[in-house]
Amino acid sequence: MSIPANQDELRLAYAAGTLAEAPALVVATQAALDPACRRDVERYEALGGAILDAMAPAPLSAGAREDILALLDAAPREEAPDGAAGRLPAAGQVPAPLARYLPAPLERLPWRQVTRGLRDWLLPEMAGGRARLMWVRGGTALPKHTHNGPEMTLVLEGAYRDGGRDYAAGDLQLADPSVDHQPRVETRAPCLCLVVTDAPVRLTGRVGRFLNRFVRY
Ligand code: ZN
């Protein structure tokens with residue numbers, strides 16, 4: 001699988017319909033949370049329609065044109081309320097593109113306790129990567145780790161800090177094998193993320209290197 005290395009390319013690939021299911025789910029969910037992402041996707045979708053028009057060797061028949069417009073209209077579009085407060089899903093709710101994958105409300109999912117402050121739940125298998133929800137207790141740092149492939153982390157609720165940057169609801173962090181990091185939730189509130197990887201991460205702290213032999217995370 002290839003996941004584009006930056007957010008613009010990601011959004012463009014999503015609008016063009018060339019992303020595999022797992023990364024596409026991340027972009028669709030981000031578009032539901034973040035108005036700027038949604039605007040980009042809509043712009044790229046419109047651009048795609050214009051390119052199709054320009055590429056058509058002969059004027060499109062009325063029927064074909066209708067078909068293409070219908071396809072563009074059918075692209076997922078989620079309405080999120082405007083304003084900063086509107087970026088957070090209401091308690092216990094998740095954006096519609098993601099909600100389709102959940103068999104139960106968030107609080108009733110069969111979460112796995114990974115460490116004291118970290119729980120996760122694996123989404124059903126899908127093309128293009130392993131998708132999971134990750135819940136991190138407030139005041140908790142994730143195990144230090146690096147990656148064997150690309151990693152997409154989309155904040156759904158709460159916030160975390162990594163590499164001197166804060167990631168809040170609607171923010172997407174892209175990491176790859178060149179990144180060795182330890183995201184921290186510095187708030188008292190927990191942080192809920194949607195994470196897609198296409199290879200297991202590798203723990204890199206002193207304890208982590210030891211745990212690697214036993215834990216496949
Ligand atoms: Zn990572």
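**Exercise 1. The zinc site**

Task: In this predicted model, find which residues coordinate the zinc ion, and state how the donor residues are spaced in sequence.

Solution. 
- Step 1. List the donors: His145 (NE2), His147 (NE2), Glu151 (OE), Glu151 (OE) and His181 (NE2), at 2.0 to 2.7 Å.
- Step 2. Write the spacing. The pattern is H-x1-H-x3-E-x29-H.
- Step 3. Check burial. His145 and His181 are both buried.

**Exercise 2. The loop residue Ala141**

Task: Locate Ala141 and name its contacts beyond four places in sequence.

Solution. 
- Step 1. Ala141 belongs to the loop between strand 3 (130–136) and strand 4.
- Step 2. Apply the 20% and 50% limits. Ala141 has 29% relative accessibility, so it counts as partly exposed.
- Step 3. Leaving aside neighbours within four places, Ala141 contacts Gln182, Pro183 and Arg184.

**Exercise 3. Strand 9**

Task: Determine which strands pair with strand 9 and how its side chains point.

Solution. 
- Step 1. Strand 3 pairs with strand 9 in the antiparallel sense, over seven bridges. Arg130 has Thr197 as its bridge partner.
- Step 2. Strand 5 (residues 151–157) also pairs antiparallel with strand 9, over six bridges. Met152 stands opposite Val196.
- Step 3. Side chains in a regular strand alternate between the two sheet faces.
- Step 4. Cys191, Cys193, Val195 and Thr197 point one way, and Leu192, Leu194 and Val196 the other.
- Step 5. Seven of the seven residues are buried, so strand 9 is largely enclosed by the rest of the structure.

Key. Residues numbered from 1 in each chain as written. Predicted model: local features only at pLDDT ≥ 70, side-chain atom pairs only at ≥ 80, totals over all residues. Heavy atoms only, no water. Donors = N, O, S within 2.8 Å, 3.2 Å for Na, K, Ca; no water. Buried < 20%, exposed > 50% of the residue type's maximum accessible area, 1.4 Å probe, protein only. Helix = DSSP H or I, 4+ residues; strand = E, 2+ residues; numbered from the N terminus. Contact = heavy atoms within 4.5 Å. Pairing = 2+ DSSP bridges.
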